[in-house]
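Here's a quick walk through one model, written for someone who likes to see the cut-offs next to the values. Have the viewer open and follow along.

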Amino acid sequence: MEISEVFRLIEKQLGNINSELGFNKSGETESSITFTGEKGIYRIVYDKGTSIMAFECAYDATADAEFNTISRSLFDAETYDERDAKSLANEIADEISSLFKSKKKKDLDKVKMPKAVSRTKAKNGMVSYDVDSLANRFGTLYPDLKDAIKENIAQYGEFLPETFFIEVGSARVMDVIATGSDADCKKLFKMLNEVYEDGTNEVQDIIGVTILGEMKNDAKLMETADKYMSEYMSGPVHEINKITRKSNRWTKKLKTPPPYKPKKKKNNFMQNALQAQDINR
């Protein structure tokens with residue numbers, strides 16, 4: 001078996017773990033194949049002189065990264081077959097999971113979930129639900145997506161709702177509307193109705209456009225949503241879906257949002273002055 005065919009089989013076999021941990025193929029030569037992600041870089045290298053296949057990795061994904069050899073295996077071109085290649089790939093997948101998945105989880109443990117404002121204060125009009133509140137309530141409803149929320153925060157330094165829901169969150173909502181039980185839909189829309197009704201304009205845009213606009217006026221999805229949407233939210237959502245069902249400048253803008261720009265930090269004097277103004281109103 002040619003080494004190029006071995007690399008092809010290994011790449012295919014590592015597809016799931018690479019997807020899960022965010023690794024993509026970044027290079028391939030006659031004697032190596034390399035994968036790079038946010039958490040590091042790894043490669044499989046073949047030494048023709050010794051007939052050794054080495055799995056190497058580094059946590060610093062830069063041009064001068066220092067690789068450590070994790071494991072070695074013998075490659076005999078005359079006897080090596082597809083079963084051997086898949087077996088090697090499975091061993092490498094276990095190593096990748098052990099090396100990078102635990103590191104990823106450890107890093108995310110340091111990231112705190114956004115805080116939600118008080119329900120009582122929001123209902124009484126003292127404060128409004130903001131995007132952090134939406135993230136918190138969504139993570140509470142779907143605990144398995146908390147890591148995705150934290151990854152969003154870790155990457156951008158704050159929660160970017162459009163990015164999160166376009167990449168992750170909206171798909172879960174669509175799945176619940178399409179296939180969820182009556183209880184699942186009630187829980188989802190109870191949260192969305194509440195946050196929309198007492199939310200900021202930004203939160204209402206996220207729920208109405210980025211999340212529920214993904215129904216794109218599909219008759220079955222809209223019929224299901226109508227069973228649970230509040231009257232206050234239903235009207236705007238229907239109008240939004242009349243727009244999102246077609247390809248136009250608005251839907252194109254949703255698919256290609258502007259690049260992320262960090263917020264400018266106000267100095268303490270300005271922050272205190274603004275807070276004082278709010279108190280005196």
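This is a predicted model: local features need pLDDT of at least 70, side-chain atom pairs count only at pLDDT 80 or more; totals for chains, interfaces and linings use all residues.

Among contacts in the protein between residues at least 6 apart in sequence, 54% join residues at least 24 apart, where a contact means heavy atoms within 4.5 Å. Residues are numbered from 1 along each chain as its sequence is written, and side-chain values use heavy atoms, with hydrogens and water left out.

The protein has 13 helices and five strands; these are DSSP runs numbered from the N terminus, with helices being H or I of at least four residues and strands E of at least two. Of its 281 residues, 38% count as buried. Buried is under 20% relative accessible area, exposed is over 50%, and partly exposed is in between, using a 1.4 Å probe on protein chains only.

| Residue | Relative accessible area | Class |
|---|---|---|
| I211 | 0% | buried |
| A225 | 0% | buried |
| T244 | 8% | buried |
| S51 | 23% | partly exposed |
| K216 | 40% | partly exposed |

Let's start with I211, which sits in helix 9 (residues 201–211). Leaving aside neighbours within four places in sequence, I211 touches F165, S170, V173, M174 and I206.

Next up is A225, part of helix 10 (residues 219–228).

T244 belongs to helix 11 (residues 231–244). A polar atom of the T244 side chain lies 2.9 Å from the backbone oxygen of G213.

S51 has phi near 60°, a positive value in a residue other than glycine, and its spot is the loop between strand 3 (40–47) and strand 4 (52–58). K216 also has a positive phi in a residue other than glycine, this time near 50°, and K216 is found in the loop between helix 9 and helix 10.

Finally, a helix pair. The axes of helix 5 (residues 131–141) and helix 7 (residues 161–179) come within 13 Å and cross at roughly 30°; axes are lines fitted to C-alpha atoms, for helices over the stretch in contact, and angles run from 0 to 180 degrees between N-to-C directions. The two helices are therefore roughly parallel to each other, given that angles under 35 degrees get that label, over 145 roughly antiparallel, 65 to 115 roughly perpendicular and the rest oblique. In this pair, V131, L134 and F138 of helix 5 meet P161, F164, F165, G169, R172 and V173 of helix 7.

Notes:
A polar contact is a pair of N or O atoms within 3.5 Å; within protein, one must be able to donate a hydrogen and the other to accept it, and residues adjacent in sequence count only if both atoms are side-chain atoms.
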